[in-house]
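Hello,

Here is the structure for your files. My notes follow below it.

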Amino acid sequence: MFKLGYLSLIAVTMLILISACSKTKVVVEQAPVRNPLALAYEASKKGAESFAEKDYQGALARFSEAKALFEEAKPTTTPADSIDINIEDMLLNIARVNSDLAFINSQQGMFTEALASYQTAVDIYASLALLTISKEEQKKIITDIYQNMAVTSQNAGRFEEALSYYDLLLKSDPGNEDLLNAKYNILNDNIKDEVRAFKVLKDYADVSGDYKAFLILGTRYREKGNNPEAAANFERALQLQKDPDVFSRVADFYRSINNWNRSTQLLEQLIATKPDNATTASAYRIMGDNYRQLKNIAKMAEAWEKSVALERNADIALALANHFYQQKNYNKTITYATQVIYMDSSKTAAFLLRGDSYFKQKKNTEAKADLQRIQNDAVHGTNAKKILAAIK
């Protein structure tokens, strides 16, 4: 009896335990669904924050991560998500960071690292589908980077490498004077190979037929004192291009070797192209000085009068006032002296010339006004007092 009761108690207890266990629920936690697009935007945001803090390595890592996540998300997105544009934006960010990092490395003398980062940036820009920037913008950015690479290579003493970058730039901008001069300077100044320096310019000029190349050759020969070769190349430039700038530069060369007549001929041709007033005035001004050197005073004055008629110039007007004073043409002396005084009253010679011209014309009131103003002048005061003493 006792044993049976004990067994019944055990059975009841087991039923209670089983019943309790049957009411306990087992909860299985599920992993959150991965969202590459959301992760991409988050990585992009962190990349921008790193870049703002000048953490360039961090920015590169985050932007690269964002690019990979956008690519991962692409198969499940819609056109509204603009995935391709987002990917290009990340590529642009990576390229910009590399460019900035390259510049900093270059400033710190880490030229190899700088050139590597610049090259990475170039490769990225060249690979773009151009969804967010234009072809023109792409070309300008790559050009700017190549220029930085050329300078960086030059600073690193890697002169041949620098020349190769200038060659790349010249392919897209033939005849660029700055680029050609940069190549010449590297060869002439850094590599110390004058023969090759001139050969580079000659070969380019002959192949391209670009007048600017012949102007550069002429300028370089002029610097070396080889005037016959300079003249030959300047004249070749004139054959290829007849515009105010070429006429002006070649005329200046001939002035530098005292060939006043040839300089004047070229200035006349310049004026015949009908450039703007400032350019024409300058041409007449230089032409007048050429005539002065040739002792042709009448032509000198004629050219200078044409110059100041187009563009007032205190120095030329004073020279004309003095010239006409010597010719006893007091009306013109007064005209040009007045121009001088109006433009620059510190030129006291103009007051003396005008005052004495008024005196010669018996306009004593006007003469006194001018002469009294400069009677204490250190340069012209003595002469002014003499004339004032002669006025009754």
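Accessible areas come from the Shrake-Rupley method with a 1.4 Å probe, and for residues only the protein chains shown count as cover. On that basis, the accessible surface of the protein comes to about 22,200 Å². Carbon and sulfur atoms hold 53% of that surface.

Two caveats on the source. This is a predicted model, where local features need pLDDT of at least 70, side-chain atom pairs count only at pLDDT 80 or more, and totals for chains, interfaces and linings use all residues. Residues are numbered from 1 along each chain as its sequence is written, and side-chain values use heavy atoms, leaving out hydrogens and water.

Overall form. The protein has 20 helices and zero strands (DSSP runs numbered from the N terminus: helices are H or I, at least four residues; strands are E, at least two). Its radius of gyration is 41 Å, well over the 21 Å that the globule rule gives for 392 residues, so the protein is more spread out than a compact globule. The radius is taken over C-alpha atoms, and the rule is 2.2 Å times the number of residues to the power 0.38. Along the principal axes, the C-alpha atoms fill a box of roughly 165 × 55 × 40 Å.

Burial. Of the 392 residues, 40% count as buried (under 20% relative accessible area).

Asn 233 is buried, with a relative accessible area of 9%. Leaving out residues up to four places away in sequence, Asn 233 touches Phe 214, Leu 217, Gly 218 and Tyr 221 (contact means heavy atoms within 4.5 Å).

Best wishes

Definitions and conventions: Buried means under 20% relative accessible area, exposed over 50%, partly exposed in between (1.4 Å probe, protein chains only).
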